[in-house]
Amino acid sequence: MKWIKKGEASPEHAAYLRRLYIRTVWIWLIRLLLLLGLIWGWEWGANNGWIDPFLFSSPSRIWEQANQLVQSGALFHHIFMTSAETIAGFILGTASGVALATLIWSSSFLSRVLDPYLVVINSMPKVALGPLFIVTMGAGFPSILAMAIAITIIITTLVIHTSFQSVDESYLILARSFGATRAQIFRTIIFPASIPDIIAALKVNVGLSWVGVIVGEFLVSKEGLGYLIIYGFQVFNLNLVMLSLVIVAIIATIMYQLIAWVEQKWGRRHS
Amino acid sequence: MNSPPAVQIENLTHAYFTKKEEVTAIRSVSFSVDEGEFVALVGPSGCGKSTILSLIAGIFPATKGIIRLFGKKIDGPSFRTSYMLQKDGLLEWRTVEQNMLFGLQIQGQATPDKIAKARDLLEKMGLKHVSHHYPSQLSGGMRQRVALVRTLAVEPDILLLDEPFSALDIQNKILLEDLLARALKEENKTALLVTHDLEEAIAVGDRILVMGGQPGEIRHQIHVPEELRSLPPLKARSHPAFRVIFEELWREVEKP
């Protein structure tokens, strides 16, 4: 059991590390048991009349549905489409949001001019723009992408612009005293100082992109997990709806964890 | 012909504007600083000491009046000045070495020769061992020393010091005063120091300008005697002449 006490400095430290390790093991064990318990309870309840399997499906029915879709080869296609749309929407939405914030920062005059427009566009429910996108860009990938971008871009712009403006004034005085140009100030101070906020925006945008993509697929109704959900709902195949929800939950979690990993690596380097 | 003074200020007036009012910070201030001279500006807070320094640094233009550096009128930040503030302004995401080279990089002067000089200076300040650390890992005194290296690395002719040591404990303060005084004397640099610490003004200054009033103006000037000027700041503090000057300065600052 030496590996439990890895890096010990003294017998007391070793005991402390041991306690810490045992605690972590317990936490994971209980988490796993909770999950298994929920799945088992769901299955048992569905088979014994506590839960209506026609409305709420059951783990075994979801599994069966998954097998069917995997065999026909359709499942991976839908997963791939939705993931691609989400990732593209997330990257483009965040990047253009940061770019727009930079543009606004570069001129305080422009910032004042555009302010009311940003406020109006931001308060607008972007989902309402869906029909417009479909009419102009057709029922397909471009419309869904546009929806994901529309949902993320303005809020990113506002948050990042605020972050740019809240950079410590003494940094700016210092840079100016060395004769820095506005572009130099942006590159050496404003942008690096805002990296933690940009990464926080990434986290929010992962969630928002999913909203945009799923709603987009609802409207376009051609392919993807959002389409599976709306299709399953229309033919009253709730197994399909539940399966899609489970998959969305898993992929969204993976993406969120990736961003959290990026944050740990770059976001909080020295604070 | 005599060479022009390092800093020459004529009838400088500056006002800050807001929507509601106009606040005049300084009115008709004139003085000059010779090359190699160390001038301290003292006075109560709000008398416009820092405003004068920011104007000389070219951070913003004066409302009225003329500033000349070595006879040349300024119209913005000059490469000949270097500005140091109470807040060290070290960029948290850059290492000590990258911070110390910040000014050189901004000015596009980060040549191998100048980088080597800056590294020497860092070593002289006793900070070579932390050159790859981040500012958050340093103590307040060390951070301000890095800021001093950054200020000197651009090889300015004129140093503008805005209460650079006032946030430090007394030991670090005197240590840094010594380092600064030595660095300046070795290269015959000109310095203008804003401080509210009268002892500091006497210990490091050759001449002291006493400011007062709102809007601020220069009320009085005191020449520090040669026997104090030739001593390093720590030794000057314990010289008998120090008390005499201190009392004179105290009376001047106290005057309404």
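My entries follow, one topic at a time.

**Ground rules.** This is a predicted model, so I kept its cut-offs in mind: local features need pLDDT of at least 70, side-chain atom pairs count only at pLDDT 80 or more, and totals for chains, interfaces and linings use all residues. Residues are numbered from 1 along each chain as its sequence is written, while chains are lettered from A and ligands numbered from 1 in the order in which they are written.

**Record.** I checked UniProt, where an unreviewed entry places the feature "domain: ABC transporter" at residues 7-238 of chain B. UniProt positions are given in the numbering used here, feature names are shortened, and annotations may be inferred rather than shown by experiment. In the model, the end C-alpha atoms of that span lie 31 Å apart, and the span is 34% helix and 27% strand. Helices (H or I, at least four residues) and strands (E, at least two) are DSSP runs, numbered from the N terminus.

**Where the chains meet.** I found 17 residues of chain B in contact with 16 residues of chain A; contact means that C-beta atoms, placed from the backbone, lie within 7 Å. On the chain B side, the residues divide into 11 nonpolar, four polar and two charged. Here Ala, Val, Leu, Ile, Met, Phe, Trp, Tyr, Cys and Pro count as nonpolar, Asp, Glu, Lys and Arg as charged, and the others, Gly among them, as polar.

**The open sheet.** Next I traced six strands of chain B, which form an open sheet in the order E6-E7-E8-E3-E9-E10 with mixed pairing. E6(B) and E10(B) (217-223) stand at the edges with a single partner strand each, so one side of each has no neighbour in the sheet. Neighbouring strands are turned by 20° against each other on average, direction ignored. Strands pair if DSSP finds at least two bridges between them.

I then went through some of the pairs:
- E6(B) and E7(B) run parallel, joined by four bridges; Met84(B) has Leu161(B) as its bridge partner.
- E3(B) (residues 38-42) and E9(B) (residues 207-212) also run parallel, with four bridges, and Leu41(B) stands opposite Leu209(B).
- E9(B) and E10(B) are antiparallel over six bridges, with Val210(B) partnered by His220(B).
- E9(B) and E10(B) form a hairpin with four residues between them, and Gly213(B) in the turn has a positive phi of about 85°.

**Pairings of E1.** E1(B) (residues 7-17) pairs with E2(B) (residues 22-33) in the antiparallel sense over eight bridges. Ile9(B) stands opposite Phe31(B), and the two strands form a hairpin with four residues between them. E1(B) also pairs antiparallel with E4(B) (residues 64-69), over five bridges; there, Val7(B) has Leu69(B) as its bridge partner.

**Helix H5.** Is H5(B) mostly covered or mostly uncovered? Mostly covered: 12 of its 14 residues are buried, meaning that 20 or more other C-beta atoms lie within 10 Å of a residue's own, again placed from the backbone. Among them I noted Arg143(B), Arg145(B) and Arg150(B). The buried residues pack against several elements of chain B, including E6 (81-84), H4 (112-124) and H6 (170-186). Just after H5(B), Glu155(B) takes a positive phi of about 50°.

How values were computed:
Contact = placed C-beta atoms within 7 Å. Axes fitted to C-alpha atoms, helices over the stretch in contact; angles between N-to-C directions.
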